[in-house]
There are 2 protein chains.
Amino acid sequence: MSFKTLVSKQAALLDKDLMGPEIGFTLEQLMELAGLSVAQAVLKEFPRSQRTKSQVLVLAGPGNNGGDGLVCARLLKLFGFKPVVYYPKHNTKAPFFSKLVKQLKFFKVPVLNTDDDWLRYLNPNDTVCVVDALFGFSFKPPVREPFGGVLNQLRQAQDQIPIVSVDVPTGWDVDEGPVEPNCIVPKVLVSLTVPKPCALKIDPLETQHYVGGRFIPAEFANKYGFEPFAYENADQVVKLVPE
Amino acid sequence: MSFKTLVSKQAALLDKDLMGPEIGFTLEQLMELAGLSVAQAVLKEFPRSQRTKSQVLVLAGPGNNGGDGLVCARLLKLFGFKPVVYYPKHNTKAPFFSKLVKQLKFFKVPVLNTDDDWLRYLNPNDTVCVVDALFGFSFKPPVREPFGGVLNQLRQAQDQIPIVSVDVPTGWDVDEGPVEPNCIVPKVLVSLTVPKPCALKIDPLETQHYVGGRFIPAEFANKYGFEPFAYENADQVVKLVPE
């Protein structure tokens, strides 16, 4: 696979730029579009015609990656799935996150907390896939509890239930890839805006790779050293196909 | 055509509900999705394969309908169009609107003010369509300047340049339809969330009708007396086809 990537530090700068005083995007806008990308990738990989079940388990972490997951879950409900969210550690810094949880309740999407039995949803009989929205490009090891335990469970289940990772597979080093022992292997990776270097370490035979987060103009992509991706029509994701 | 509609007062209540303390949507989220609907409808009506020009003139009013237009213009740029925005009366109540204008500058989309010559863009040689995002369901007659003059120009140009109206064709009574003399006749109407009664007054031979604003669950639609529309896949609009 050949594509440009952005190391974690650069990705953080790009994000800061987008929400800075000059460009003026809000977190609400970017998160809505990012979550829509992920939901669309799930729909493309698991279309209604090719499945008999509809449950999706969304694992949402405490940061912005988790917020993308919360949006994704709401949109998956609109797209005909039955999402269940496990959100053990709430984001308490940005008040917007509690609004995202309210919106999920409005859509009758269950949001499970630490004490709830999320493992009953990690069940291949009912569950189409798991959306891994635990940690994104700001992740620094080590994985702390309860997320270490969550990752253990995912590893055991991943042969029966495909994992869709948002931006970075949780536990992977953003820039180096799966350097820890026993890293999860997602069946789908949805890179946001531009792939991070860890995406170069996926095996295209194992992992389908999408890019989403369609919200920057060509000149801005060029400034960060990459070309815009070839989205079609109004699609919010584009699948990168190995050459 | 047979479809449920929501009178202006009810539409205002629904909007208030969506952004109220229980449901918790933000204006930023809903506007992003509404603008995306309109941009997708424009792309569906004027696909690249069927046109030789790419300029779109977006007329943005001072309220939320105008905000939908500002978002739409940005997304049209991403979809390969060359949008130009005429925004003669800025929204000064919600700070988010100035952010939307910044985002347009970031995308190098010209934003024209009162003194600028917007009429040169109302030119059938270059312009695919005009997006009429002047006034929505809160509109109360009469049309004040400069919008009366804008409507006059649109009326004269509408046989050469198709108008895409957002939610309500500007100048139409939201509940009664085109009761004023010389109302514009849009080629496309994009109703948001649910059509307003004026949509029953369009002639399906003259006006293509879409519904967008895909952001409410079935139970909530039912509460307001209508059924969800039959969106396909991840589409943000659905075309209503006369029976």
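Modeller: Let's start where the chains meet: 34 residues of chain A and 34 residues of chain B take part in the contact. Keep in mind that this is a predicted model.

Biologist: How much area is buried between chain A and chain B?

Modeller: About 3000 Å² is buried between the two chains, and carbon and sulfur atoms give 68% of that. On the chain A side, A:Q29, A:L78 and A:F106 lose the most area to chain B, together 19% of what that side buries.

Biologist: And how many salt bridges does the rule find across the interface of chain A and chain B?

Modeller: For a salt bridge, we look for a side-chain nitrogen of Lys or Arg within 4 Å of a carboxyl oxygen of Asp or Glu. Across this interface, the rule finds zero. For polar contacts, though, the count between chain A and chain B is 12 residue pairs, with both residues at pLDDT 80 or more.

Biologist: Which elements give two or more residues to the side of chain A that touches chain B?

Modeller: They are α2 (27-45), α3 (64-78), α4 (96-106) and α6 (218-223) of chain A. The one that gives the most is α2(A), with seven residues. Sort that side of chain A by class and you get 18 nonpolar, seven polar and nine charged residues.

Biologist: Now the strands. In what order do they come in the sheet of chain B?

Modeller: When you read a sheet, walk across it from one neighbour to the next. In chain B you pass β3-β2-β1-β4-β5-β6-β7-β8, an open sheet of eight strands with mixed pairing. At the edges stand β3 (111-112) and β8 (237-240) of chain B, each with a single partner strand, so one side of each has no neighbour in the sheet.

Biologist: In which sense do β5 and β6 of chain B pair?

Modeller: In the parallel sense: β5 (residues 163-166) and β6 (residues 188-192) of chain B pair over three bridges. To find the place on screen, look for B:V166, which stands opposite B:V190 in β6(B).

Biologist: What is the strand order in chain A?

Modeller: Chain A has an open sheet of eight strands with mixed pairing, in the order β3-β2-β1-β4-β5-β6-β7-β8. Its edge strands are β3 (111-112) and β8 (237-240) of chain A, each pairing on one side only. Inside that sheet, β1 (residues 55-60) and β2 (residues 82-86) of chain A pair in the parallel sense over five bridges. Here A:V56 stands opposite A:P83 in β2(A).

Biologist: What does UniProt place on chain A?

Modeller: An unreviewed UniProt entry places "domain: YjeF N-terminal" at residues 11-228 of chain A. Over residues 11-228, chain A is 32% helix and 16% strand, and the end C-alpha atoms are 15 Å apart. The UniProt record, also unreviewed, places a "binding site" at A:N65, A:D132 and A:T170.

Biologist: Why do those residues gather at one spot?

Modeller: They span 106 residues in sequence, yet no two of their C-alpha atoms are more than 10.2 Å apart, so they gather at one spot. One of them, A:N65, lies in helix α3 of chain A.

Terms used:
Residues numbered from 1 in each chain as written. Chains lettered and ligands numbered in written order. Predicted model: local features only at pLDDT ≥ 70, side-chain atom pairs only at ≥ 80, totals over all residues. Heavy atoms only, no water. Pairing = 2+ DSSP bridges. Helix = DSSP H or I, 4+ residues; strand = E, 2+ residues; numbered from the N terminus. Contact = heavy atoms within 4.5 Å. Buried area = accessible area lost by both parts, 1.4 Å probe. Polar contact = N/O pair within 3.5 Å; in protein donor to acceptor, adjacent residues only side chain to side chain. Nonpolar A, V, L, I, M, F, W, Y, C, P; charged D, E, K, R; others polar. UniProt positions renumbered as here; feature names shortened; annotations may be inferred.
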